[in-house]
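Take a look at the model below.

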Amino acid sequence: MRSAVAVLAGLAVIYFGTSGRDPEDGEGISGGLVVLALLAALLVWHLTKPGGNAAK
């Protein structure tokens with residue numbers, strides 16, 4: 001589940017990063033957008049890490 005959420009976060013960054021572009025700007029995504037999507041996925045992966053001190 002954690003992996004799916006991280007992948008969805010990365011895809012959301014790519015989607016919203018490309019949705020506002022004009023068709024005349026060219027097709028494809030930039031390298032900076034890919035890096036930003038990877039950082040978002042890693043952040044979600046880190047924030048959804050299970051804690052070691054769960055309530056018992």
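Ala 9 is buried in this predicted model. Its relative accessible area is 18%. The cut-off for buried is under 20%, so Ala 9 falls within that class. Ala 9 sits in helix α1, which covers residues 2–18.

What does Ala 9 touch, leaving aside residues up to four places away in sequence? The contacts are Ala 40 and Val 44. Ala 40 is 31 residues from Ala 9 along the chain, yet their C-alpha atoms are separated by 6.3 Å.

Leu 11, like Ala 9, has its place in helix α1.

Next, the rings. A pair of aromatic rings is described by the distance of the centres and the angle of the planes. Searching the whole structure gives one aromatic pair. Tyr 15 and Phe 16 form that pair, with 5.1 Å from centre to centre and 70° between the planes. Planes over 60 degrees apart count as edge-to-face, so this pair is edge-to-face. Tyr 15 and Phe 16 are both exposed.

Finally, step back to the whole chain. The fold has two helices and zero strands. The chain counts 56 residues, and 14% of them are buried.

Conventions
Residues numbered from 1 in each chain as written. Predicted model: local features only at pLDDT ≥ 70, side-chain atom pairs only at ≥ 80, totals over all residues. Heavy atoms only, no water. Helix = DSSP H or I, 4+ residues; strand = E, 2+ residues; numbered from the N terminus. Buried < 20%, exposed > 50% of the residue type's maximum accessible area, 1.4 Å probe, protein only. Contact = heavy atoms within 4.5 Å. Phe/Tyr/Trp six-rings, centres within 6.5 Å; stacked < 30°, edge-to-face > 60°.
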